[in-house]
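Me: Please take a close look at one helix pair in this model, and then at the part of the chain around it.

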Amino acid sequence: MGVVTLPENPFREGLELRRSPEASTMVIFGATGDLSRRKLLPSLYVMHRQGVLPAGFSLIGFARRPWDDGEFRAYVRESLEEGLQEGVEPAAWSGFEEALFFTPGEFDEPEAYVGLASLTAEIDGRRAGTGNRLFYLAAPPSSYPAIIDGLGRAGLGGGEGRPDVETVGVTGAEPGRGGWARVVVEKPFGHDRSSAARLNGQLKEWFREEQIFRIDHYLGKETVQNILVFRLANGIFEPVWNREWVDHVQITVAEDLGVGGRGPYFEETGNMRDMVQNHVLQLLALVAMEPPASFEPDAVRDERAKALRALRPLSGAQVDGDVIRGQYSPGYVGGEPVLGYREESGVASESDVETFVAMRVFVDSWRWAGVPFYVRAGKRMPRRATEIAIQFKQPPLLLFGEGAGGEPEPNVLALHIQPDEGITLKVGSKLPGPSIDVHPVHMDFRYGTSFGRRSPEAYERLLLDSLLGDSTLFSREDSVDAGWSFVDRIRARWEESDRSSLHVYEAGSWGPQAAADLVRRDGRRWRRL
Amino acid sequence: MKGEGVPVFVREVPLSAVSQELESAWSATDEESRRSRGEGMLRLRELNYVVCARTEAEAEVARATVGRLMGERPGRVVVLVDTAGVPGGDPAACRLQSTSASIATRCLLDGGSGQRVCSEEVVVVASGEEARAARTAVFGLLVPDLPVLGRWIGSFSADDETLLWLGEAADHLVVDTGAGPADVGGPVPGRRDALADAIETMRDMRVLLDAPMRARVHDLSWLRIEPWRLMMAELFDDPSRRRLIPDIGRLSVRHAGASGQAVLYAAWFDSRLGGVGSVSVDIQEESRGGEVGLVQVEVWDRSDRDTPQLSLSRRPHSRVISARVTGEHGRGQEVTIKTLETPSDEEWLLLRRALESTRPDPVFRQAVGLVGAASSA
């Protein structure tokens, strides 16, 4: 019997810029947690209000609290009132509220997943009828294995499953309709290379790679997506995006906040695992990667993974010279006194966990050979700022050096990721007047003002992509592995070295003096942000 | 930046001296800014706006609309008032009333930086001069190398020389097929000629789309029905509903004072199903207490059932559209499957949408081409 192919939706033609996923049922594990309250629920509501969520979409909250649908809806409403500046519109809320459901359960309780399977089937049959399901793991990472196993054993994985295990749930799809199942896994994806491999293995028992969406919300930010557009949709940048023209690259991920209530979590992770292994390396990969053959998910992810694999490994004494780790001491941020890291709640008084990392790394590719990438990521910095700066080489002949205000400042292309998303190009210009004085001027583009519309929150974009099955902005197994491989070597050196390799910096500063020296010894300096 | 901007400097100047006087205006605005706020202002121009209106009242409304848009896309505005067809007015289109113009600078506070951001406006009231002179003057007033948004206010005729000139001068030409005399007067239930007017306007639109012009033509009515098109498209994203497409027999469209939107929607629907008269169309008008726009769309199959398969309807006095289906998942009754508050269709937001479009819209062209065939009320 031949396969019957349905025609494309003729009403979609001309509307392709408004992508619409198929009807589906989404389940959030940890639906009453912080991530869900601050990010996921507001993002889903905004998507609903903008008409991005499909007709027939439903959301099931799964958590330990013994709530019913009504209590969950009240909780969601409260979260939205709290988190959305513009508040909740009654008309939009009534449509959204109808789509919300709740099922209480322990993550390691198999019966809870059987119940979830029944509920999903019932809701799907009533509202969507597609059998499509998206599972979002927003629970503590320690519960991931139990959730993955619970989903698989209840027959909710949608893949081939384990041949040795008989699934006990109901599939929920109407006969002959199948439907897809996808799982979104929040960071941290493991705490080192071997634990990440173990987690991947657990996922692969029940899900295929194309069903797994490892989220790094930095990749959902407009400016991060714009890195590739900027590079590849403009004829003038890509020709100079290489070792011939670029002097060095700086990547800064600065937070003004300390660890706050996340002390115990941070004691287990540190900044290298919390920020560098995922966010920073993904930003670096987008700058360093080769143009993909197409914008298909795997074509883009192939190039990102290649860039990460091309990172020159740092180990042993190289780590001592090229990686600076720091920890903040008491100081002032924004004029307010703040605690040092060791005084934070849940932090050991003798802790040597790093809250700051600065590194000089090299990407050993034809394009970037010899070009240093300076990376810094830290907490309790003077301000919150994430930026990628490409500093270009000076012109070959400095015609205006003598008597022209000294050596002109180099051209810098700065990609501002947050908080004020945009791009700045610094160029030299003649100062008006009789002499030739070269002064830097900035050509500025800001998302907030240039397009006159709000940029979608990173989670809105990534939730939509996961509903659409577009994995371009999600991390693949090989990228995660390459990132951990790079980071683990550095951490191994730290573990064998003594405490003196930890540099203390005052809260509200740009990190320890050793970080400034790291760049200065190459005749360069960190950008003032 | 929000709002329409505060005029800081307004002056009547000879047309020939507009550019030079604008420089004086900017100096004066900057001085005023330094005096009152202790810092200079930022002069921004990223667009040219050329507005052609028939009366000064229309021009005033258009200026307010463009003013809203300038809050986000600052630029230079040139307004020409076309008195053609207005009782007592000059029969020629877009002609200069005199050799004078009014220039103004408008400033807004940028919420992010707190900086004062200013743009400029040049108003030329038309009558008494040759059309050629008016056009030459406008060309001279455009800021070079910036995109031009041309906005034609009111009804139009595809052979209007000035409209075609505007289409050549601009990168985006925005007209409104819903601005014909029948719809502008407000809804009058049972009026038959509104539909005829709308169909006639679409014929003009077809000619305009085929005219050799630089500008991409946008229709505000087409943009206004976009949420309705999206909702319909979304219903058919479900593969099980796509199977029903061959059985669609009839489309019913109800509107309030929006014949242009109704015929366009019907034609779009027909075009999506593959052609001329593939479904029978029923368009009805109703009064909604001053509300204007589409009210309800129903899709019927070819059976003699007494309920539509799918329907979209807008709640009175709101922008909320509900999508309903009948007889799915083994249930006979009508079920609401999606309720959506659609975005505002204020004109300045539609102009922004037009500016953001980067590609020609073949679907619009197809729909316009089918208007006469689909709108057999």
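Reply: In this predicted model, the axes of helix H2 (residues 56-70) and helix H11 (residues 347-356) of chain B come within 8 Å and cross at roughly 60 degrees; axes are lines fitted to C-alpha atoms, for helices over the stretch in contact, with angles from 0 to 180 degrees between N-to-C directions, and helices are DSSP runs of H or I of at least four residues, strands runs of E of at least two, numbered from the N terminus. That angle makes H2(B) oblique to H11(B), the term for whatever is not under 35 (roughly parallel), over 145 (roughly antiparallel) or 65 to 115 degrees (roughly perpendicular).

Residues are numbered from 1 along each chain as its sequence is written, and chains are lettered from A in the order in which they are written. Because the model is predicted, local features need pLDDT of at least 70 and side-chain atom pairs count only at pLDDT 80 or more, while totals for chains, interfaces and linings use all residues.

From H2(B), the contact (C-beta atoms, placed from the backbone, within 7 Å) is made by B:Thr65, B:Arg68 and B:Leu69, and from H11(B) by B:Glu347, B:Trp348, B:Leu351 and B:Arg352. These residues divide into 3 nonpolar, 1 polar and 3 charged.

Chain B is divided into domain 1 (6-219) and domain 2 (224-374), bounds that come from an automatic or database domain assignment. The contact between them takes 30 residues from domain 1 and 25 residues from domain 2. H2(B) is among the elements that each supply at least two residues of the domain 1 side, although the largest share of that side, 10 residues, comes from H6(B).

Note on methods. Two residues are in contact if their C-beta atoms, placed from the backbone, lie within 7 Å. Ala, Val, Leu, Ile, Met, Phe, Trp, Tyr, Cys and Pro count as nonpolar, Asp, Glu, Lys and Arg as charged, and the others, Gly among them, as polar.
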